[in-house]
Each structure stands twice: as C-alpha cells, then as structure tokens.
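Here is a report on one protein model, written for someone meeting protein structure for the first time. Take a moment to look at the picture, then read on.

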Amino acid sequence: MNPPDQPAHAVASDLVLSGLAADDGGLGSDEAGRRLAAHGPNRLPAAPRDGVLQRFARHFQDILILILIGAAAITALLGHGLDTAVILGVVVINAVIGFVQEGKAEAALAGIRRMLSTHAQVLRDGSWQQIDAELLVPGDIVRLKSGDRVPADLRLLDSINLRIEESALTGESLPSDKHPDPVAADAGLGDRHCLAFSGTLVAAGRGLGVVVATGAATEIGRINRLIAEVETLQTPLTREMAQFGRQLSVLIVGLAALMLAIGLGLHDFALAELFLAAIGFAVAAIPEGLPAILTITLALGVQRMARRNAITRRLTAVETLGAVTVICSDKTGTLTKNEMTARHVITRAGSYLVSGSGYAPAGTITLDGELVELAGHAHLQALIEVVAVANDSEVAENDGQWCVAGEPTEGALRTLACKAGFSAEAHARLATIPFESANKFMATLASTPAGLRRIMLKGAPDRLLDRCTGELGADGQPVPLDRAWWEREIDRLSQEGLRVLAAAARRVDDGRDHLGIDDLEQGMVFLGLVGIIDPPRPEAVAAIASCRSAGIRVKMITGDHAGTARAIGLEMGIGDAATLRVVSGAELEAADDATLRRLVADCDIFARTSPEHKLRIVKALQANGEVVAMTGDGVNDAPALKRADVGVAMGIKGTEATKEAADIVLADDNFSSIERAVEEGRTIYDNLKKAILFILPTNGGQGLVMLAAVVFGLTLPLTPVQILWVNMIVAVTLALALAFEPAEPGIMQRPPRQPGTPLLNAAFLWRLVLVSLLIGGATIAVFEAELARGMPLEQARTMAVHTLVVAQAFYLFNARFLHAASLRPALLFANPAAWIAVAVLLALQLAFIYLPPLQAAFATTPLDARHWLLSLLIGGAVFLLMEAEKRWLSRGA
C-alpha cells in the first residue's frame, strides 16, 4: 500500500483507494488477513496498571512513615516488643486506610469502556458481512447508517444526508454534515467533512467509506497516545505535605542526634535508656496520626461531594480544587444546556424575543416588551406555521425531562410553536422534500385548516434568499425582496453566536399534490428569521459569578466557532463586551510558548481548538504559576484533563477516555457542581490546617518533654509506648473531630491561596512554639512536682500522660477557629463531633488509667480526684491563654 502524499481528507476518494491498494469492491478474506497481521487488531491498547502490592507499597513512601519504621526496628533490636508492635500497627493502619479508599474510588468507575464500536458492516469477498470491528483493516469498505458508531477512521466514498455527532472529538455542539468532497490539507478536525472518525455516532443518513486508519493510528488512538505521554503533576497539597515532611524529618532526626550526644557527653545515661529516650522523642514529635487524619478528612470530603453529584477518583483532587486559580471549561453541556432554543424571531413587523430555555414549552414571546399572541401578529403566525409544519421532530416530557426526538434545531422550532400556542395537527402533509446537506433546506406541501394548499420552506437563510423574489411586508402584503436588509439581520444574529434559520412560503393550486425542487424556484415569499442558540445554564452563570468573587478566573475552551463562543461567553459573564477577545485555534497554532503564555494570561475564550491546543493552554497556565482545573466530556479533552492539576469529567455524556483521565466525575454534567467542589475543597484545606495546627503543637509539647528531660538529666516523664497512646487516641478522637468542621463564613469571597505558599507561616510557627511550651512545660512541672511529693514513678508518669491529654482536649476548642474567638456559645456548640470526640477520649482515658490489662500494657496506675482537678485546671489555663493570644494577635492585625 502506498498512501498518497497528501492526507486522506485533502485528495479525491479514488486516489485514496489506489493509495491503499483497494477498490470499491472491497477486500478478499486472504488480503484482509495479511493486513490484519501487518497492522494489528482495530482496538486501543489497554493502559498499564500497577499491581496490588505496588499500590499498597506506595502508602509507605512518606518520609515520616519511614522514620517510624526505623524506630520500630530499633525498639525490636532492644527487645521492646510492645513498642515495636504499637509503632508498626500505626504504620500499617495508615497504609490500609489509604489503600482501601483508593480501591473504592477506582471500583466506582470500573466497566465504562463503551467508546468503540463492537461490530461493522464491511464488504468482503464481494458481499456485505457483519464482522467484529477489531478485524477491520485499512482498505476495507464499510457502510454506515443512522445510529451506528463509526468503527474506524473512514474516508467517505458516498453519502446521503449523512450527519455525524463528533462532539466527543471536536467539541462542536451540533452534528457535522458529511460529504465525499476533499477539503483543504490544513483544515481543522471539525472541518474535515469527508472523514468519519472512529468512535463517533451517526446521527442521520447513510454513508460508504474506506478504512484509512485502525486502532492506535485513528484520531481517537492518537489522542489516546497523547494521554499516555502527558506528565501528571503533584497536587498543591501533596507538594506542601512532602516539603513539610522533609523539613520536619530533618528537624526530628537532628534533635534526636543532639539528644544522644548530650545524654552521652553530659549525663550518665545508659545507652539502651538513651536510645529509648531518643526513640520516644521521635515518636512524640512525628505526627504519625497526620496521614490518617489527612486521608479521613479527604475521604469525608469525597463523601460530601458524592452527595453533591461529584464522584472523586483521587482523594487529594477535592482539596486541589480548593486551591485552583483558573478553571478551564468546555462549553457544550457544561456551561450550556446542550438543548437548542429559539431566542429571536425577526419579521418585517419587528424583532420578537422568546423566553425560556431548552425543549420545555414554557416561555413567552414579546415585541418591544409586550406579550404577543398569534391572532394579532400575522407575520409571526405565518413564520411559525412554516417552521412547525415543515418539521419532522417531536418534543415530549419523559420522567420530568423534556426531550426531542429528531434534530435539535427542529426541536427548538417545535418548542417555539408550542410557546406560541400553535399546533400543526390540523395541517395535512401532502408531499415533502427532505433535508439534504447539499440543499440545506426542507420543503413541505401542506393543506391548511382553511383548505388552502401552500409550499412551506425552511432552511439556511442564503439558500432561501436565492429562491425568493418577494417578502412579507410590514402591512402584511407581499413586496419585492430587500435582500440587503435581511443579510444585515442575518449578520447581526450570527455575530451574537446564534444559528440562523429562515422561513418562506407560497400558495399553490388547490388540486396540487406533488412537490419538486423546481417548485421552489419561483414565487417564494420570504417570511423571516429564527435565531437559535444552545442557552447557558442559569446555575452555571451564578457559579461563574461565585468563582469570580472567589478570585478564580474561568476560561472557556470550545470547538465551536468564535462568534458562538463569544456570545455564550458574554452571557455567562466571562469577560467584558468592550475588551473581550476570542483566540482561535489558528492563532494558538501559530503562537510560540512565550506568546501563548501571554495569550492565556490576557484572554478567557478560546474557539475552534484541538486536543493539542487544550493541552498547550493548560501547560501555559501552569507555566504562569496557576493551579488549573480543566473540565470536559470528549476524547479531545482527555489529554488536557490528565495534565491539569485537577481534571473534571462529565459523567452523563463524558467518554470513557475522559473519565479515566479525570480526577473528578460530575454526575450531573453541571458547572455549578464544580463551584460547589471548590467550596468543599477550601473547607477541607481549612480543616486540614486546623488539624495540623492542633496536632503539631501537641506533638511538639510531647517532644519537648522528652528533649528537656535528656538535656537537663531528668527522669523520663513518659515512655515511648505511652507517647504512642497519647498520639493515637488524640488523633483518632480530637483531631478527627476537626474533619467535620463546617465551612468558614465568607469562604468563597476570599482569593485562592497563593501557589507555593508554605503550609506553616510565621503565625502558625509562633502558635506551634507557644502551645508546645505551655503543654510541655505544664507536663514537666506536674511530673517533677508529683515526684517531689513522693509519688511513685509509674503514677507520676500516669499523671503526666493525663495532663497531656486533658490539655490537648481543651486546646481542641482553640484550634477549631483559626482566628475567631472560641468563647461564644454559638461557636462552641457548632460542631457536635468535637463534643462526641471529647466524650470518647474521656472513656479511653478512664480505661487507660483504671483497667488492669491497659495498666499492665502501659505501666499506669490509678489517679485520685485531686489529680483530675489539677489536670482540668491546667487544661482550662491553656484554653484561656490561647484565647488571649488570639485576641492580642487580632488587635495587632
């Protein structure tokens, strides 16, 4: 086979056939078998996936977890089996939580491979056969009919009214008219009208084509390969947590080494005791509960998002949405309803506005702000009669949703007639010229209820203007056609992004019962125009406004034409009419990387884009330091979704490739769900900060107890296993309660956090040091005071543990609000989970102190009422001091 030098869409079909060593008689079985062996099956290669062990092992790669594993190894060598078991138990539990959640998310999207056709009608050995689509080879002759999914990339040889739904590849909202004539070599994907692409759906008509590409060589295969080559980036949270983990690990290891040096050099500690002290310090300082709290907080956010129509495939994705600075959105079906709607009707009597959207017959028709009825508007009645009678579609309500059976544009006209109160049932259709892409019109000969016979013609305005000699004048009488006036109106509507259809009619003899093309060439009277648009979702308009108030820019990237994109963008509130610029795919193609970075910074609407263009836009935004969310439904969106910081796919009409590349799948295909996800992400990040602000100072206080004991040569107030007890019960009770905190007031009125902002700022570090000193200092003071009073060592250590736990319980209520005061009853009781957590903590602490099995495991002894009162006083003092610190800092701000 020697394919032509030019691409298949740019040369005549006979040259394509000769280049493929094929003809319109099809291939023989032997030749097809040889080509199958050479080209391989017509299927996409399956994406490789890590095994179970690899995915489980990933959850042990955090540097803080590795330090804990090292600590477990040292305690094992020293013969402290209980310490080893508890430390390893913490590590394994954390890994299991993450692994199970990851598996559930993957299972929710399993079994969605539906994109490619499974069968094909092919001409083999001189006869038509139905074969498995995987057996197709280049050179096969395939026929298509309405409802078929195109089984491979085809160069069309013949077509009859063929229209193919290609939005999954091109992003265009309407089916594409197909014909076998070649187009320009540099034509964009959506303009290659002589090609039928694998995976697209035949909306109407019939066609015959020769296979020019199969499997990975198809357009969908090329995009699939592009997806595989795209490099995914770490989320802002994982980058911040990784940096924080590295810094904290260096600090902990350094201080542990310092403890060893001081203990050996300045004090007479036994080596084994000193190792235990260093391990105790590391265990105290490492927030081993933090990974579990992080996972649980994100998992709770995932569940809340699922209730709000968003399925999350990757835990960190929801939090990432909270950090986004730019949302790039597809237009059709996401920002718009994907339901064509008649918006304007133009006649010589005036310009009518039509309210309502979609196929529901709810809405009104007004002229100069006044409601109109057909009885008093002969021009409007004449036009609506034509578009309703010369119409093959029906609209009906199904399960509360109005749907169209037929062409979307005809559905819009049918709904327009319903809004006007017009019914075509009394009209008898006598003859029809169906719509053909070559003619771009439909004509009907019909008998009216009054017994008159009329030809009714609707279609492309230029084709109707060519066939009309007159128009319905302002006085209701036919007058000579003013073509220039109508062309100005057509241009005006087109510039507003509307699809424009025209209507014309003429009366014929009463006995006429046939209709031909020649009957449309004389005496037709032009009646007017209808402007149709895919209307914006009202909730999406509000969601975009909310995003803008939150400091997030929304950019629309679509395969539609620039005029349509501009009009929808203005209706959505994207940009300003005076300054709005629409960037075309051709401009993107010509722009180098530096120019593209300027374009994406300045412009918010991109039209006629390809998959490569969308991917370059996302990369350019990221190069500008933006955190990018990308939404889409088609295969053409998948590479950009995978590259984006968070990819959002449409669950209803999204393709398999899009869903697999995305991090979040919207069950309702609605942009407003993205806005809600942003709010949820910001709430999660706030709650994670609260958890960190709670865990780190409490861990710091514990670490300070161990460090101070070694540095000053004191008896160790806590054992490593007691520290693990404090860490784990506090993490699973108190810290977990912070995951249930509701959103802070005004969360969507503040700008997104700056990319690269450290997890701990100066104010956080100050609070970490202050709380660590308060809790750690109080614990050491209580321990030393009780020893001085003659309390046994085990009971003094029990008292030290209890003081730590109670002080942390009081500090929880400080940490619930980052800046606001907590001494208000309305805020104190806003999160019931906090009080439940304190109750659970109290029960666990009672068991720790008074149950014999736990006394034996943790070396604890019972405490008296005096000890409980003392610990409560210390906890209350910590709470009041931290509230005073908040008040002081807020005054300084």
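This is a predicted model: local features need pLDDT of at least 70, side-chain atom pairs count only at pLDDT 80 or more; totals for chains, interfaces and linings use all residues.

Let us begin with the strands. Strands of a sheet pair through backbone hydrogen bonds, either parallel or antiparallel. Here, 8 strands form an open sheet with mixed pairing, and their order is 8-28-27-26-9-23-25-24. Strand 8 (310–312) and strand 24 (582–584) are the edge strands, each pairing on one side only. From one strand to the next, the twist averages 20°.

Now pick out one pair of neighbours. Strand 9 (residues 326–329) and strand 23 (residues 553–557) run parallel and are joined by 4 bridges. Within this pair, Ile327 stands opposite Val554 of strand 23.

**Helix 17**

Which residues of helix 17 are buried? In this helix, which spans residues 562–572, they are Ala565, Ala567, Ile568, Gly569 and Met572. Their cover includes strand 22 (524–533), helix 16 (538–549), strand 23 and strand 25. After helix 17 comes Gly573, which has a positive phi near 85°.

**Helix 19 and its partners**

Helix 19 (residues 593–602) lies across strand 23, strand 24 and strand 25 (605–607), and runs at about 115° to strand 23. Helix 19 also meets another helix. Two packed helices are described by the angle between their axes and the distance between the axes. For helix 19 and helix 20 (residues 611–623), the axes come within 9 Å and cross at roughly 80°. Angles of 65 to 115 degrees count as roughly perpendicular, so helix 19 and helix 20 are roughly perpendicular to each other.

Helix 19 contributes Asp593, Leu596, Arg597 and Val600 to this contact, while helix 20 contributes Arg616, Ile617, Ala620, Leu621 and Ala623. Sorted by class, the contact of helix 19 with helix 20 has 6 nonpolar and 3 charged residues, with no polar ones.

**Two cysteines**

A disulfide is a covalent bond between the sulfur atoms of two cysteines. How many disulfides are counted in this model? The count comes to 0. Two of the cysteines can be set side by side by their accessibility:

| Residue | Relative accessible area | Class |
|---|---|---|
| Cys328 | 0% | buried |
| Cys403 | 33% | partly exposed |

Why do these classes follow? Buried means under 20% relative accessible area and exposed means over 50%. Cys328 is buried because its relative accessible area is 0%, whereas Cys403, at 33%, is partly exposed.

Notes:
Residues are numbered from 1 along each chain as its sequence is written. Side-chain values use heavy atoms; hydrogens and water are left out. Two strands pair if DSSP finds at least two bridges between them. Helices (H or I, at least four residues) and strands (E, at least two) are DSSP runs, numbered from the N terminus. Axes are lines fitted to C-alpha atoms, for helices over the stretch in contact, and angles run from 0 to 180 degrees between N-to-C directions. Contact means heavy atoms within 4.5 Å. A disulfide is a pair of cysteine sulfur atoms within 2.5 Å. Buried means under 20% relative accessible area, exposed over 50%, partly exposed in between (1.4 Å probe, protein chains only). Angles under 35 degrees count as roughly parallel, over 145 as roughly antiparallel, 65 to 115 as roughly perpendicular and the rest as oblique. Ala, Val, Leu, Ile, Met, Phe, Trp, Tyr, Cys and Pro count as nonpolar, Asp, Glu, Lys and Arg as charged, and the others, Gly among them, as polar.
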